[in-house]
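Dear colleague,

Please find below the structure that I am handing over to you. My notes on what was found in it follow directly after.

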Amino acid sequence: MPELKDKLELKDIVLLGRTFDEYFRAFNLQDIDLKNAKILDAASGVSSFCAEAAEQGFNVTGSDRIYSLSASTIESRCAQDLELVMAQMPGVSHLYNWEYFKDVESLKAARQRAYKLFVGDFQRQGHRRYVPCEYPHTDFFNNQFTITLISHFLFLYDDRLDYEFHRETIKECMRITSKEIRIFPIVNLKGEQSPYVEKILNDEAFFDCTKDIQAVDYNFIRNGNRVLVISV
Ligand SMILES: C[S@@+](CC[C@H](N)C(=O)[O-])C[C@H]1O[C@@H](n2cnc3c(N)ncnc32)[C@H](O)[C@@H]1O
C-alpha cells in the first residue's frame, strides 16, 4: 500500500496541460458565443486548448512565462513534470475522482496528447499565438479580449502564490478583458476551496463586477467541479 498524502508535493507550478474537452467542461463554454469571442488563455502552459480551439476556427491567444523558452526545452520539462506527478499518483489518487479519467494510465495519455498537440502548434505559430508574459503583468492592451480563461493556476497554487498575486493578476485580466474572466478550479491542491475565493468575493477592488460560482460538468480534483465567473 502506498503512503497516503494530503496533496501533491511539488517544488514548482508544474507544466501539465489539459485538453479542449476539459476546458470546455470546466469553464461551461457551452454558454459562450465562442465564434464571436476573442479568447485569452492565461497561464496556458502546455494545454492543447489553444491549438484545438484554433483548429475549430476560434480566435484564441495563449499567454505564459514558459513561451520565452524553446519548444524542445518546454517539451523536455513537461515530460519530466509528467513523470514526477505520475510517480506520486498512487499516494494522492484519493484526492481525485476517477470518472472522467478511469485510471492513472488514461490520465497520463490525455496529458501526453495535450502537450504534444501544444508543442506542434507552438512550433508552427510561435509568438503569434503564444505570448510570453509574467503575470501579474502583461503587455496586452485594454479590452483586447472578450473572455479570459484561467485554468489550474490561481487558487490551486494558493500555497505558493499569495493573495496579492491573485488580486493583481485578476485586476490585470480585468484591464485586458471586456466581458468575463473565468477561473477554474476554485479549490487548492488539498481539494479544499481556497480561502482566497472568499477574499476575492469581498475585495473592494472587485465590488463593481458581478461574481458567480457555477457548477460544471468536470470533476477530477476532489470538490473541484465549480468555476468562478467574474463579469467585468
Ligand atoms: C498547471 S499549469 C496549467 C496550464 C493550463 N492552464 C492548463 O490548465 O492545462 C500552470 C501554468 O502556469 C504558468 N505560470 C506560473 N506562474 C506564472 C506567471 N507568473 N506568469 C505566467 N505564467 C505562469 C506555468 O508556466 C504553467 O504553464
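Which atom of the ligand lies 2.9 Å from a polar side-chain atom of tyrosine 23? It is a nitrogen atom of the ligand. Please bear in mind throughout that this is a predicted model.

**The ligand and its surroundings**

In the side chain of glutamate 134, an N or O atom is 3.2 Å from a nitrogen atom of the ligand. Tyrosine 135 takes part through its backbone, where an N or O atom lies 2.8 Å from a nitrogen atom of the ligand. On its own the ligand has 600 Å² of accessible area, and the protein covers 98% of this.

There are 22 residues around the ligand, and those that come nearest are Arg18, Ala43, Asp64, Tyr135 and Ser151. By kind, the shell comprises 12 nonpolar, 6 polar and 4 charged residues.

**The largest pocket**

The ligand takes up the space of the largest pocket. The volume of this pocket is about 650 Å³. Its lining is made up of 41 residues, of which Ile13, Val14, Leu15, His152 and Tyr157 are the closest to its centre.

Helix H3 (71–92) and helix H4 (104–125) each supply at least two residues of this lining. The most comes from H3, which gives 4 residues. The lining of the largest pocket consists of 27 nonpolar, 6 polar and 8 charged residues.

**The second largest pocket**

For the second largest pocket, the volume is about 230 Å³. The residues that line it are Glu9, Leu10, Lys11, Asp12, Ile13, Val14, Arg77, Gln80, Asp81 and Leu84. They divide into 4 nonpolar, 1 polar and 5 charged.

**The cavity**

The structure also holds 1 cavity of 30 Å³ or more. The volume of the largest cavity is about 30 Å³. Its lining is formed by Arg18, Glu22, Tyr23, Ala26, Phe27, Ser151, His152, Phe184 and Tyr218. Helix H1 (residues 20–26) gives the most to this lining, with 3 residues. In kind, the lining residues of the largest cavity are 5 nonpolar, 2 polar and 2 charged.

Arg18 and Ser151 line the largest cavity and are among the residues that come nearest to the ligand. Tyr23, another lining residue of the cavity, has the polar side-chain atom that lies 2.9 Å from a ligand nitrogen.

**Points in the backbone**

Most residues other than glycine have a negative phi, and most peptide bonds are trans.

- The peptide bond from tyrosine 135 to proline 136 is cis, and its omega is near 15°. Proline 136 belongs to the loop between strand E3 (130–132) and strand E4 (145–151). Tyrosine 135 is also the residue with a backbone N or O atom 2.8 Å from a ligand nitrogen.
- A cis peptide bond also runs from phenylalanine 184 to proline 185, with omega near -5°. The loop that contains proline 185 lies between strand E5 (177–184) and helix H6 (195–201). Phenylalanine 184 is one of the residues that line the largest cavity.
- Asparagine 28, although not a glycine, has a positive phi of about 50°. Asparagine 28 sits in the loop between H1 and strand E1 (38–42).

With kind regards

Terms used: Residues are numbered from 1 along each chain as its sequence is written. This is a predicted model: local features need pLDDT of at least 70, side-chain atom pairs count only at pLDDT 80 or more; totals for chains, interfaces and linings use all residues. Side-chain values use heavy atoms; hydrogens and water are left out. A residue is near a molecule or strand if one of its heavy atoms lies within 4 Å of it. A polar contact is a pair of N or O atoms within 3.5 Å; within protein, one must be able to donate a hydrogen and the other to accept it, and residues adjacent in sequence count only if both atoms are side-chain atoms. Accessible areas come from the Shrake-Rupley method with a 1.4 Å probe; for residues, only the protein chains shown count as cover. On a 1 Å grid over the protein atoms alone, a cavity is a set of points where a 1.4 Å probe fits but cannot get out, and a pocket is an open set with protein on both sides within 12 Å along at least five of seven lines; lining residues have an atom within 4 Å of a point. A molecule sits in a cavity or pocket if more than half of its atoms lie within 2 Å of its grid points. Ala, Val, Leu, Ile, Met, Phe, Trp, Tyr, Cys and Pro count as nonpolar, Asp, Glu, Lys and Arg as charged, and the others, Gly among them, as polar. Grid points are joined across faces, edges and corners, and a volume is the space filled by probe spheres set on the points.
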